[in-house]
Amino acid sequence: MRRSIRGSRRAAVLLPGIAAAAGLLLSGCGAGQISETANKVPSVQGANIQAGDGKYAVRGALVAYPGVEGYQAGDNALLNVVLYNDSRDPVTVTVTSPDAREVVLTTVAAAASPSPTGSPSPEQSPEGSPSPDNSPSPDDSPSPSPTESPTAGPARIEIPPLSYVQLNTEGEQVLQLLGLNEAVLAGQNVTLTFDFGGETVTSPAPIAVPLTPAPQPSPIIERHTEYEGEGGH
């Protein structure tokens, strides 16, 4: 009887020790291993390209989502991008596109405001006609055309050494493509050319797609009353 009791006590002491050792072995096997998702590239919209043997980079070049109807020929489109200068010298970046009339650098506020239509307002007399009191206009200088906004300029961006410039709708300045040559839809591409002081790279930039599906149209419900089909009684 005494031997059996001592044996059961030893077994009770050994079992927790075996379980602890097994736990250490399992944890040791997992240490140092790389998970399957560690090397996956995140699925972020936008083109990523390099120029000048890696000294310059373009990250997240993405044309803003145009809506379900897409962009029509002649429309303007915003371009979100981050430009990097990993060299020890400043660089001037010029952005152009064969798919648009012009690429300009503008402020986010100016890009969000509606473009003028060119027609005179009710409070203004037509161009070239005298005012009602036949007095000259206080400002005889010509007004800028709709595409020559005072806040816009050619797409030339100065980047200091070992620095970057972020141009998107979350900041103060953004790039804008003026006068698209043809209609494009979400998911298609617009060709862009970035010139980093002579180091030129050309790449398609995608047009953003919505992150959530479009809402379903409301169903058409036909209502029937209890008087229908009774012959007008």
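Figure 1. Thr191 belongs to strand E10 and is partly exposed, its relative accessible area being 25%. The model shown here and in the following views is a predicted one. Between the C-alpha atoms of Thr191 and Pro98 the distance is 6.6 Å, although 93 residues separate the two in sequence. Leaving aside residues up to four places away in sequence, Thr191 touches Thr96, Ser97, Pro98 and Asp99, together with Thr202, Ser203 and Pro204.

**Figure 2. The stacked rings of Tyr56 and Phe196.** Two aromatic pairs are present in the structure. In the pair formed by Tyr56 and Phe196, the ring centres lie 5.0 Å apart and the planes meet at 5 degrees; because planes under 30 degrees apart count as stacked, this pair is described as stacked.

**Figure 3. Tyr71 and its contacts.** Tyr71 is located in the loop between E2 and strand E3 (77–85). With a relative accessibility of 8%, Tyr71 counts as buried, since the limit for a buried residue is under 20%. Leu180 is 109 residues away from Tyr71 in sequence, yet the C-alpha atoms of the two are 8.0 Å apart in space. When residues up to four places away in sequence are not counted, the contacts of Tyr71 include Val63, Ala64, Tyr65 and Pro66. Asn76, Ala77 and Leu78 are also touched by Tyr71, as are Leu180, Ala183, Val184 and Ile207.

Figure 4. Ala186 lies in the loop between strand E9 (173–180) and E10. This residue is partly exposed, with a relative accessible area of 30%. The C-alpha atoms of Ala186 and Pro66 are separated by 6.7 Å, while along the chain the two residues are 120 residues apart. Not counting residues up to four places away in sequence, Ala186 touches Tyr65 and Pro66 as well as Ile207, Ala208 and Val209. Among these contacts of Ala186, Tyr65, Pro66 and Ile207 are also touched by Tyr71.

**Figure 5. The second largest pocket and its lining.** The volume of the second largest pocket is about 220 Å³. Its lining is made up of 12 residues, and those nearest the centre are Gln45, Leu62, Ala208, Val209 and Leu211. Strand E2 (residues 56–63) makes the greatest contribution to this lining, giving three residues. By residue type, the lining of the second largest pocket contains nine nonpolar and three polar residues and no charged ones. Ala208 and Val209, listed among the residues nearest the pocket centre, are also touched by Ala186.

**Figure 6. Two loop residues with positive phi.** Most residues other than glycine have a negative phi. Asp53 has a phi near 55 degrees, a positive value in a residue that is not glycine. Asp53 is placed in the loop between strand E1 (47–51) and E2 and is exposed, with a relative accessible area of 86%. Leu162, likewise not a glycine, has a positive phi of about 50 degrees. The loop that holds Leu162 runs between strand E7 (156–159) and strand E8 (163–167). Leu162 is exposed at a relative accessible area of 54%, because the limit for an exposed residue is over 50%.

**Figure 7. The setting of the close-up views in the whole protein.** The protein contains two helices and 11 strands, which follow the pattern α-β-β-β-β-β-α-β-β-β-β-β-β along the sequence. Of its 233 residues, 25% are buried. Among contacts in the protein with a separation of 6 or more, 72% are between residues 24 or more positions apart.

Notes. Residues are numbered from 1 along each chain as its sequence is written. This is a predicted model: local features need pLDDT of at least 70, side-chain atom pairs count only at pLDDT 80 or more; totals for chains, interfaces and linings use all residues. Side-chain values use heavy atoms; hydrogens and water are left out. On a 1 Å grid over the protein atoms alone, a cavity is a set of points where a 1.4 Å probe fits but cannot get out, and a pocket is an open set with protein on both sides within 12 Å along at least five of seven lines; lining residues have an atom within 4 Å of a point. Grid points are joined across faces, edges and corners, and a volume is the space filled by probe spheres set on the points. Helices (H or I, at least four residues) and strands (E, at least two) are DSSP runs, numbered from the N terminus. Ala, Val, Leu, Ile, Met, Phe, Trp, Tyr, Cys and Pro count as nonpolar, Asp, Glu, Lys and Arg as charged, and the others, Gly among them, as polar. Buried means under 20% relative accessible area, exposed over 50%, partly exposed in between (1.4 Å probe, protein chains only). Contact means heavy atoms within 4.5 Å. Rings of Phe, Tyr and Trp (its six-membered ring) pair if their centres lie within 6.5 Å; planes under 30 degrees apart count as stacked, over 60 as edge-to-face and the rest as tilted.
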